[in-house]
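I opened the notebook to record what I looked up in this chain, going from the overall make-up to single residues and pairs. I keep the definitions beside the entries that use them.

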Amino acid sequence: MNEEFVRNRITELRLRKGVSEYKMSYDLGRSRGYMYNISSGKSQPPLKELFLIIDYFGITPAEFFDGQNRYPDLTKKIVSIINELNDEDFEVLMSVIGRIGLLRGIVNDLSRNCECNQDMQKADS
């Protein structure tokens, strides 16, 4: 984790939320250039301010710093919905997720196969 991660993560989440730097600065009660200065690297928010920014996105600090989770706000909503499912619906969901994973695996295998065939054809030429 470094300053660039924080800056990029704030920008990524701000764009996903669909707000401008100016609007976010205004919503946070800061000067109009506040978010611009952060996103451009001219300044870093102090820890207290960073927590306000994280709260603005409706996520936890753990979700903010989890760079693997590209959609922390949606993930939170999905988990909330999953927690309300009955056993039967949960099993249906798991089967759909399994099918998607299987289909992805098949597509990946086909594309790898295709690339290998293309490489072999180039080698034969």
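**Entry 1: ground rules.** I am working with a predicted model, in which local features need pLDDT of at least 70 and side-chain atom pairs count only at pLDDT 80 or more, while totals for chains, interfaces and linings use all residues. I number residues from 1 along each chain as its sequence is written, and my side-chain values use heavy atoms, with hydrogens and water left out.

**Entry 2: the chain as a whole.** I looked up the secondary structure and found seven helices and zero strands, where helices (H or I, at least four residues) and strands (E, at least two) are DSSP runs numbered from the N terminus. For burial I use relative accessible area, with buried meaning under 20%, exposed over 50% and partly exposed in between (1.4 Å probe, protein chains only); on that scale, buried residues make up 20% of the 125 residues in the chain. The accessible surface of the chain comes to about 9200 Å², with 56% of it belonging to carbon and sulfur atoms; these areas come from the Shrake-Rupley method with a 1.4 Å probe, and for residues only the protein chains shown count as cover. Taking contact as heavy atoms within 4.5 Å, I note that among contacts between residues at least 6 apart in sequence, 51% join residues at least 24 apart.

**Entry 3: helix H4.** Which residues of helix H4 are buried? In H4, which spans residues 47–56, I find Glu49, Leu50, Ile53, Ile54 and Tyr56 buried. They lie on the same side of H4 because they cover an arc of only 155° around the axis, the arc being that of the directions from the helix axis to the C-beta atoms. Leu47, Lys48 and Asp55, on the other side of H4, are exposed. I then asked what the buried residues of H4 pack against, and the partners are helix H1 (3–17), helix H2 (21–27), helix H3 (34–39) and helix H5 (61–65). Just after H4, I noted that Gly58 takes a positive phi of about 70°.

**Entry 4: the nonpolar core.** A nonpolar core is here a set of buried Ala, Val, Leu, Ile, Met, Phe, Trp, Tyr and Cys residues joined through side-chain atoms within 4.5 Å. The largest one has 16 residues, and those with the most contacts inside it are Ile10, Met24, Leu28, Met35, Ile53, Phe57 and Phe64. H1, H3 and H4 each supply at least two residues of this core, and H4 gives the most to it, with four residues. I also listed the contacts of Phe64: not counting residues up to four places away in sequence, Phe64 touches Phe5, Val6, Arg9, Ile10, Leu13, Leu50, Ile54 and Ile59.

**Entry 5: Glu63.** Is Glu63 buried or exposed? Glu63, which has its place in helix H5, counts as buried because its relative accessibility is 18%. Leaving aside neighbours within four places in sequence, Glu63 is in contact with Arg9, Pro72 and Lys76.

**Entry 6: salt bridges.** I count a salt bridge when a side-chain nitrogen of Lys or Arg is within 4 Å of a carboxyl oxygen of Asp or Glu, and the structure holds six of them. The side chains of Arg9 and Glu12 meet in one, at 3.3 Å from N to O; being three residues apart in helix H1, Arg9 and Glu12 are separated by about one helical turn. Arg9 counts as buried at 2% relative accessibility, whereas Glu12 counts as partly exposed at 26%. Another salt bridge joins the side chains of Arg14 and Glu21 at 3.8 Å, N to O, with Arg14 buried at 8% relative accessibility and Glu21 partly exposed at 21%. Arg30 is partly exposed, with a relative accessible area of 29%, and Glu49 is buried, with 18%. Salt bridges that share partners also join Arg9, Glu12 and Arg16 into one network.
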